[in-house]
Amino acid sequence: MTDTTRTARTGVPERPSLEGLEETWADRWQSDGTYAFDRSKERSDVYSIDTPPPTVSGELHMGHVFSYTHTDTVARFQRMRGRTVFYPMGWDDNGLPTERRVQNVYGVRPDPALPYDPDWRPPAAPVGDDARKNPTAISRRNFIELCETLTVEDEKVFETLWRRLGLSVDWSLTYTTIGRAARAASQRAFLRNLARGEAYQAEAPTLWDVGFGTAVAQAELEDRDRPGAYHRLRFTGPDGREVLIDTTRPELLPACVALVCHPDDDRYADLVGASVRTPVFGVEVPVRAHPLADPAKGTGIAMVCTFGDLADVTWWRELRLDTRVVIGRDGRLLPEPPAGVPAEPYAALAGQTVNGARRTLVELLGDAGDLVGEPRPITHPVKFYERGDRPLEIVSTRQWYLRNGGRDADLREELLARGRELRWVPEHMRHRYEHWVGGLTGDWLVSRQRFFGVPVPVWYRLDDAGEPDWTHPLIPDEATLPIDPTSDSPPGYQESQRGEPGGFTGDPDVLDTWATSSLTPQIVGGWETDPDLYRRVFPMDLRPQGHDIIRTWLFATVVRSHLEHGVLPWRTAVLSGWILDPDRKKMSKSKGNVVTPMGLLEQHGSDAVRYWAANGKPGMDLAFDPAQVKVGRRLATKLLNASRFALGLGAADALRAPVDQPLDTAMLAELSGVVATATAAFDGYDHTAALMATEAFFWRFCDDYIELVKERAYGSGPAADSARAALATALSVQLRLFAPVLPFVTEEVWSWWRYGSVHRSTWPTTYEVGRAMRAPGDPELLRLAADALGQVRRAKSERKLSMKADVPLAEALGPAALLDQLTTVAGDLRAAGRIAKLDLLPDRTPELVIACAF
């Protein structure tokens, strides 16, 4: 592909600089279509990447720069290997993060009961804390419009940073997860899941985030240590027997439906099958046995409530217990007691928050003499939604689920088998996938009680009493997608029938954001909308992502592709680690140790920041180190200056001249090995190893080879032509080796003396390097000459002489075979060291020694 684009050479500038390269080349790449995907190529010539769409609900951070740089090195390498690279960019703009950002920026909250106000306008500027604490209620549609407006602005900021970083994406392929194509694909996939019985509705205990007012899925949970207290409660057993229970949630006492002990616990064996009475309420509940009860925890017998935690759900389901729900969706105790619970004692709890009800019930227990001892403070893990700030509750709600193997052993095994088909980089990350799939306890809850998302695309008939028929949803035709059932009418109905007996109602929920993000290969690949494109890119070649979302994004995408297409969505998954602060702690906003990238990109240059990022291997965490960024800056600067020097010697005009001098062939022979190493590393998705090999050679090339050969290169004749040709070949090859990591400086230097873009040139090969040599080369010869020159320089330095000082006499001592080798490069050594006379004294020392006389 080299020189196919006849972009004029710019010539070598007098004073090359890194400043301004990002703006210059980002604009040129866009106008020239340097990274445009060529959809005329067949699948075998395509390399397609399922790029992670970043969440546009805040600032990009160094973790984004870290992982996206890794992906970009792959894209650039594959492009130079002759593949047309399908490299889109997406924005994950729907879901709770966007809603929260809108609420915080504008001080609003959505209220579905309010009518749409076409004249409503948001505040002209971000609001303060008072407005956030007392948000203005606006209609659902007004709120969604505000979300759409803000995400567009955020996406512009993100795109600016990505362009500054030099990502080689094809910007014409950009998509959003709330865009029309994404909504249609997400709804189409859901309806097909529904038709095959993979999607279903159920009224069941649901993990509920009170702050966001929505259900959350198992994959979105995290444990956070929180202070609590064990309260010991006295239950009354047969014949007045005292049965003591330890609990951290006494407020759930009116929701108690059983006590449970381990089947082998002799302390309570005689109670199993009997009943006990709850304190305060006097409700009879059964005592049951279950193997999950822990005899060593508390008193060894536990209170089962509906629902305090996931263990309660398990016991309730497997022991077929009654249901007594007391906590509502707002996180408060319901106004009426559940069936069988007396109203009088419950009245003191009705309407209270969980914490308030806890305090009240502890007082009631104390008054009744059923609180044994004082509460014992503890710190224990509490379930939170990963983006929430209040502990989760478990409430009974009707939700949509998608089968994912959590309750289907056969499907679980199929998904585990998919994981074994996938190439994992690094390989050990596969175990995280298997651990997650093997530990699933239920199907994927995909509905959310929120607003800015892809609507669940169904309606329900209303009977004569106005009650919905949940079991027979009304389904739209795929050709009409995307639809919004809260504003569109189902086939055969008029809008006037909405909410009326005998009419219909739309499903008010939206799909989980992962239910759309799990379809990114289908969305961007044109599934069902562009069959020609789809066959060229799907299944995709690469999924790059963070290891922390294997359980969500990676697994969910495998599930959707397996159910819909019966294949993996991609062939390889490359996992990134975390960015750590200098103290090796994970960066996070809550810890206040996040570094934002734009300032670094402006101060040090994008190539320098990319260099830092590329020093992190796949799957490994990397500490943010400003000193490493400075090393990258120094490398880019040296590449400019060394290239200018080499080209100033006339290297450009000698590119295809024969290379036959021993030192020149030695350098190229070593370079050939670097090409082989870097190529194998990139093929193995190890950009770090490729960079390390290339960088190590580059510094030897600058510090040793150029210094040794420059006097000869200044001259004329075949020997000088050999030096200049070697310099040209080495420069051309090294620019291409560095190009995936340092795209701006390599493109700049390439433009001085070559046509086209370095990023559209061919990846160097050992054959190409070998073809430049007229004789075999020995890399050890370059190392030997460099060692000799280094000793001469040290001698001058010890005498505080200039490196340009003449050396009247130098004696080379060492094994005869070694000195025979040195003889072949003696001319270059004398010129570089300014040695007037070089005597060779064989077999005087066991290793090379250069003695200088001044």
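**Briefing on a predicted model**

Ala293 is located in the loop that links β13 (284-289) and β14. Elements here are DSSP runs numbered from the N terminus, helices being H or I of at least four residues and strands E of at least two. The model is predicted, so that local features need pLDDT of at least 70 and side-chain atom pairs count only at pLDDT 80 or more, while totals for chains, interfaces and linings use all residues. Residues are numbered from 1 along each chain as its sequence is written, and side-chain values use heavy atoms, with hydrogens and water left out.

**Two buried residues**

- Ala293 has a relative accessible area of 5% and is therefore buried (under 20%; exposed is over 50%, partly exposed in between, with a 1.4 Å probe and protein chains only).
- Leaving aside residues up to four places away in sequence, Ala293 touches Val260, Cys261, His262 and Trp315 (contact means heavy atoms within 4.5 Å).
- Between Ala293 and Val260 there are 33 residues of sequence separation and a C-alpha to C-alpha distance of 6.6 Å.
- Thr397 belongs to strand β16 (residues 393-402), and its relative accessibility of 1% is why Thr397 counts as buried.
- Thr397 is in contact with Ala202, Glu203, Ala204, Thr206, Trp208 and Arg329, again not counting residues up to four places away in sequence.
- Thr397 and Arg329 are 68 residues apart in sequence, and their C-alpha atoms are 9.0 Å apart in space.

**The four-stranded open sheet**

- Strands of a sheet pair through backbone hydrogen bonds, in either a parallel or an antiparallel manner.
- The order β8-β7-β16-β18 describes an open sheet of four strands with antiparallel pairing (two strands pair if DSSP finds at least two bridges between them).
- At the edges of this sheet are β8 (214-215) and β18, each of which pairs on one side only.
- Two bridges join β7 (residues 199-209) to β8 in the antiparallel sense, and Trp208 stands opposite Ala215 in β8.

**The three-stranded open sheet**

- A mixed pairing pattern characterises the open sheet of three strands ordered β28-β27-β29.
- Its edge strands, each pairing on one side only, are β28 (835-842) and β29 (849-853).
- From one strand to the next, the twist averages 20° (axes are lines fitted to C-alpha atoms, for helices over the stretch in contact, and angles run from 0 to 180 degrees between N-to-C directions).
- Strand β27 (residues 807-814) runs parallel to β28 and is joined to β28 by seven bridges; Ala810 stands opposite Leu838 in β28.
- Helix α25 (residues 816-823) packs on the sheet, with contacts to β27, β28 and β29, and its direction makes about 150° with that of β28.
- Helix α26 (residues 826-833) lies across β27 and β28 and runs at about 135° to β28.

**Cavities**

- Rolling a probe the size of a water molecule over the atoms shows where empty space is left.
- Four cavities of 30 Å³ or more occur in the structure (on a 1 Å grid over the protein atoms alone, a cavity is a set of points where a 1.4 Å probe fits but cannot get out, a pocket is an open set with protein on both sides within 12 Å along at least five of seven lines, and lining residues have an atom within 4 Å of a point).
- The largest cavity has a volume of about 160 Å³ (the space filled by probe spheres set on the points, with grid points joined across faces, edges and corners).
- Its lining comprises 19 residues, with Ala219, Asn404, Trp436, Trp444 and Arg551 nearest its centre.
- Five residues of that lining come from α15, which is the largest share.
- By class, the lining of the largest cavity contains ten nonpolar, four polar and five charged residues (Ala, Val, Leu, Ile, Met, Phe, Trp, Tyr, Cys and Pro count as nonpolar, Asp, Glu, Lys and Arg as charged, and the others, Gly among them, as polar).
- The second largest cavity has a volume of about 80 Å³, and its lining has six nonpolar, five polar and no charged residues.

**The second largest pocket**

- This pocket holds about 1500 Å³ of space, and of its 50 lining residues, Thr248, Arg249, Gly308, Asp309 and His380 are the closest to its centre.
- Strand β9 gives the largest share of the pocket lining, seven residues.
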